[in-house]
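User: Please walk me through this structure, starting with the terms we need.

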Amino acid sequence: MATETRGPQGFEAALARNPEAVAEFTQRKSPVQRARQLLHQTPSLVPLIVLVVSISVFGALLGQKFFSAFTLTLILQQVAIVGIVGAAQSLVVLTAGIDLSVGAIMVLSSVIMGQFTFRYGIPAPLSVLCGLAAGAAIGFVNGTLVARMKLPPFIVTLGMWQIVLATNFLYSANETIRAQDISAKAPILQFFGNTFRIGADEAGRGGAVFTYGAVLLIVLVLLIAYVLRQTAWGRHVYAVGDDPDAAELAGVQTRKVLVTVYTLSGLICALAGWVMIGRLGSVSPTAGQFANIESITAVVIGGISLFGGRGSVLGMLFGALIVGVFSLGLKLMGTDPQWTYLLIGVLIIAAVAVDQWIRKAAA
Amino acid sequence: MEPILKARGLVKRYGKVTALNNCDFDLYPGEILAVIGDNGAGKSSLIKALSGAVKVDEGTIELDGRPMSFVSPLDAREAGIETVYQNLALSPALSIADNMFLGREIRKPGIMGKWFRALDRAEMERRAREKLTELGLMTIQNIGQAVETLSGGQRQGVAVARAAAFGSKVVIMDEPTAALGVKESRRVLELILDVKRRGLPIVLISHNMPHVFEVADRIHVHRLGRRLCVIDPRRHSMSDAVALMTGAMAPEKLNEFA
């Protein structure tokens, strides 16, 4: 019969004599390690630095032509739609998903807003609400398929992209509603295309020009940043993207979080559809074909991890602006537009490489 | 005395595998019940059934005499059963305070909390710090640091503190000392006894026989998906317990406390 001790075992007596301090590692950190630590804590810092550097470089090369309130706010106007769709994409990517149907939802919603007004004579504000509801409903279907049926988000939204786009062409009969008709009969559809100027000269030229769409982008991004950081729902979005099983066991209603994320994504895309009518003036079923790829580009360059749970929506805004700065800056320099795509491709790969490098800070 | 947590005839099948085969379970108020068993005996399935993480195919679970039907861990938590899972169920990128309050966040008082749903970070951090200090785990410098920056033992401490802080009826601990060093294990064992002194019953799942025999009042031996017997740690040796759970020895009585 082996001897057995009940209660603390003999070797544990040594614990009484040990100092209370646990192992402390006062390793000196190199500047590189410290930088990595900082970037790990504030993931939107990388795209912000890249944005500031690229604005400075183009400003130095092009001078007043680029570095003016007018040009800089023009960039903001140009990225408004991609930025709003990117905000929707950010929410989905934070849950370790992806939404390929964002562009299609945006177009279909704008077509519904237009056709409901002009085909059925429904008052324009009501049509806008119908468009927004349609976007949210498609998002809800996406979310339900992902959360309840456990289908991969990539496949669900790939299918939904085709379904929604085909519906869009079938329903609209490929017919564009002209800008003159809209501004005559239903100007509210073009609401987000309205502009106001700050600091223009006497003739009304120059100065900072803001469309309501650009203002919406800023407000929306700030609102989502607040919700993600300061509310329980926002923390749950990160927890679900990080480790869904752990989140579920810890008491997060993961399925509910996923359904609300996709529904919200659909709603924001519909909002982008409304902004798009303002930008184009007309309602066109063939517009916004690349919004899904462009929004994913903004998200990735903005430092949001495609594996979920890391990044911030502010980073996405910086990512969208970086793309805008490159596009307009290179255009003003008169280069072939292919150089823009080439550089953005490099940026995407670099952004993911930086993300991997930052992750090592945690290990 | 009536059991506070009672299960009868639990059955759980995964395809062709029967993880729980007509299993019974009793936990009495104020006791520490250890659940031991070989790998694959169905301990984890039993624990998951009691904590709401899996839904059983057959059988009943009663808490305080009231029949329960848990469909999610949230149900069990609302009923007052807290669980420390073996994989800890922590979100690496979130802070210690965020993790401790995951799913039951505190909102700010007044308009900010009610209309803007703002979290009361200061209050959550204060309470998290208080709990961790109670457990002697405040070697962690910064309560706002991400859980992924903690060592394995510290993570375990956060998970145990979370359960101890919120459990109101039953605390279930699945292998709470498995990842810990000698000193941290000792802390967790003291904590278990501390929780017991406060009147909360504990279910302890462990492979560590010295730990089991040190703190348990009764030992539930699990074998082949069901309760083989319940033994008194004061009347048996650790080798007896190992013999019973591996099938090398047949139990004399099914329940030594009956």
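Analyst: Helices (H or I, at least four residues) and strands (E, at least two) are DSSP runs numbered from the N terminus. This is a predicted model, where local features need pLDDT of at least 70 and side-chain atom pairs count only at pLDDT 80 or more, while totals for chains, interfaces and linings use all residues. Residues are numbered from 1 along each chain as its sequence is written, chains are lettered from A and ligands numbered from 1 in the order written, and side-chain values use heavy atoms, leaving out hydrogens and water.

User: Which helix gives the most to the lining of the second largest pocket?
Analyst: A pocket is an open set of 1 Å grid points where a 1.4 Å probe fits, with protein on both sides within 12 Å along at least five of seven lines, and lining residues have an atom within 4 Å of a point. Here α3 (69–94), α11 (254–280), α12 (291–301), α13 (313–332) and α14 (338–359) of chain A each supply at least two lining residues. With seven residues, the top contributor is α13(A).

User: How much space lies in the second largest pocket?
Analyst: By class, its lining has 19 nonpolar, eight polar and three charged residues. The space in this pocket is about 960 Å³.

User: How much area do chain B and chain A bury between them?
Analyst: The contact (heavy atoms within 4.5 Å) takes 38 residues from chain B and 36 residues from chain A. Carbon and sulfur atoms carry 56% of the buried area. Summed over both sides as accessible area lost to a 1.4 Å probe, the total is about 3,200 Å².

User: What is the distance between the closest N and O atoms of A:R310 and B:E148?
Analyst: The count between chain B and chain A is two salt bridges (a Lys or Arg side-chain nitrogen within 4 Å of an Asp or Glu carboxyl oxygen). A:R310 forms a salt bridge with B:E148, and the closest N and O atoms lie apart by 3.0 Å.

User: How many residues apart are B:R218 and B:E31?
Analyst: The structure holds 18 salt bridges over all chains. B:R218 forms a salt bridge with B:E31, with the closest N and O atoms 2.8 Å apart. B:R218 is in strand β9 (residues 218–223) of chain B, and B:E31 is in the loop between β2 (17–27) and β3 (32–37) of chain B.

Conventions:
Buried area is the accessible area (1.4 Å probe) that two parts lose on being put together, summed over both. Grid points are joined across faces, edges and corners, and a volume is the space filled by probe spheres set on the points. Ala, Val, Leu, Ile, Met, Phe, Trp, Tyr, Cys and Pro count as nonpolar, Asp, Glu, Lys and Arg as charged, and the others, Gly among them, as polar.
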